[in-house]
Amino acid sequence: MLVVAWRQRWRRRWGVPVLLAAYLGYVGMGAAVLQALERPAEVRAAQRLLQERLELLANHTCLQGPALQRLVEAIIQAYKSGITLQGNTTNLGRWDYSGSFFFSISAITTIGYGNLSLSTAVGRIFCIVFALFGIPLNLVLLNEIGQLMLLGVQHCAHRLEEMFPWQNKASLLMKTCALVTGLLLFLLLPPLLFSDKEGWSYEEGFYYSFITLSTIGFGDYVIGMNPDRTYPRWYKNLISLWILFGMAWLALVIKFCINLLETSSDFCQCNKKSTERAEDLMDGNKNSMIGLHNVDICNDKDTKTKGPGESHT
């Protein structure tokens, strides 16, 4: 009992600091690995950019450095607004209805790729109000879709339990099938579509799928942004539905993992409680045995102090 009480006091006092230290250590480890992997590539890209700039100025002596810098800044700003150069013309299409619909989905799902931004003050104000009401609506819809998925899995499990004798394995089988089906529909098969429409490799498409559905949304890979490709009208709308249902499935998987952790925690607590009860029972048995032993000693003393007749009486 003293050991359990000491553990509880230690956990209340040092649980959060230890967890915070583990969190910071994990993030620090990730930062160190990413720095070791990505820093050399960044340095090489910067050196290549400077070399190309110097070669351009050397080959075109009539071009001045400040003028080139202004042109580069204008190109970057235009790209942020969704405008790209194609020869002597510009490509407009990121703010048509399908592009705006995809931007609205990425806003209320909190993905926020960052490759496309609003350029007008009225648009920014509207985006704030739109996201303020759209994010709760999106969370409610994701919850309902996740509940429907869960009910479907449970319904199939009950049907299998009725049809086949192995009732205990039906629920596990259906959960496994739901997990594998979700992996295929939302993570493993979409990269094939991205490879066809975007020209990405399978690894790049898988990376985009996970970064999108987990709402990380770096913005380094975004669908429908290559000006050299022609996209069908249904493409962005289909990807919007894929994002919606994929996020609901991933949230269901995360919830299932949380339930597993809670179940394991409850199991550990039950084991601790059963151990404590066993210790209490052992202590009670010891105390009762000590009490009986003391009673026997007292009876022996009384028998010795009394006479033979009194003891017989």
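1. F206 is found in helix α7. This is a predicted model, and in it F206 is partly exposed, with a relative accessible area of 34%.

2. F206 belongs to a nonpolar surface patch of about 820 Å². The largest share comes from α5, with 6 residues.

3. Next, the aromatic rings. The count comes to 14 aromatic pairs. One of them joins F126 and F130, which are stacked at 5.7 Å centre to centre, with 25° between the planes. Both residues lie in helix α4 (residues 121–163). They are 4 residues apart, about one turn of the helix.

4. How accessible are the two residues of that pair? F126 counts as exposed, at 56% relative accessibility. F130 counts as partly exposed, at 31%.

5. Y207 and Y221 make an edge-to-face pair. Their ring centres are 5.9 Å apart, and the planes stand at 80°. Y207 lies in helix α7, while Y221 lies in the loop between α7 and α8 (233–305), so the pair ties together parts that are 14 residues apart in sequence.

6. Y207 is partly exposed at 28% relative accessibility. Y221 is also partly exposed, with a relative accessible area of 23%.

7. Which aromatic cluster holds Y207 and Y221? They sit in one that also includes F102, Y113, F194, W200, Y208 and W242.

Notes:
Residues numbered from 1 in each chain as written. Predicted model: local features only at pLDDT ≥ 70, side-chain atom pairs only at ≥ 80, totals over all residues. Heavy atoms only, no water. Patch = residues over 30% accessible without salt bridge, like charges linked within 9 Å, V, L, I, M, F, W, Y side chains within 5 Å. Areas by Shrake-Rupley, 256 points an atom, 1.4 Å probe, with all protein chains shown as cover. Salt bridge = Lys/Arg side-chain N within 4 Å of Asp/Glu carboxyl O. Helix = DSSP H or I, 4+ residues; strand = E, 2+ residues; numbered from the N terminus. Buried < 20%, exposed > 50% of the residue type's maximum accessible area, 1.4 Å probe, protein only. Phe/Tyr/Trp six-rings, centres within 6.5 Å; stacked < 30°, edge-to-face > 60°.
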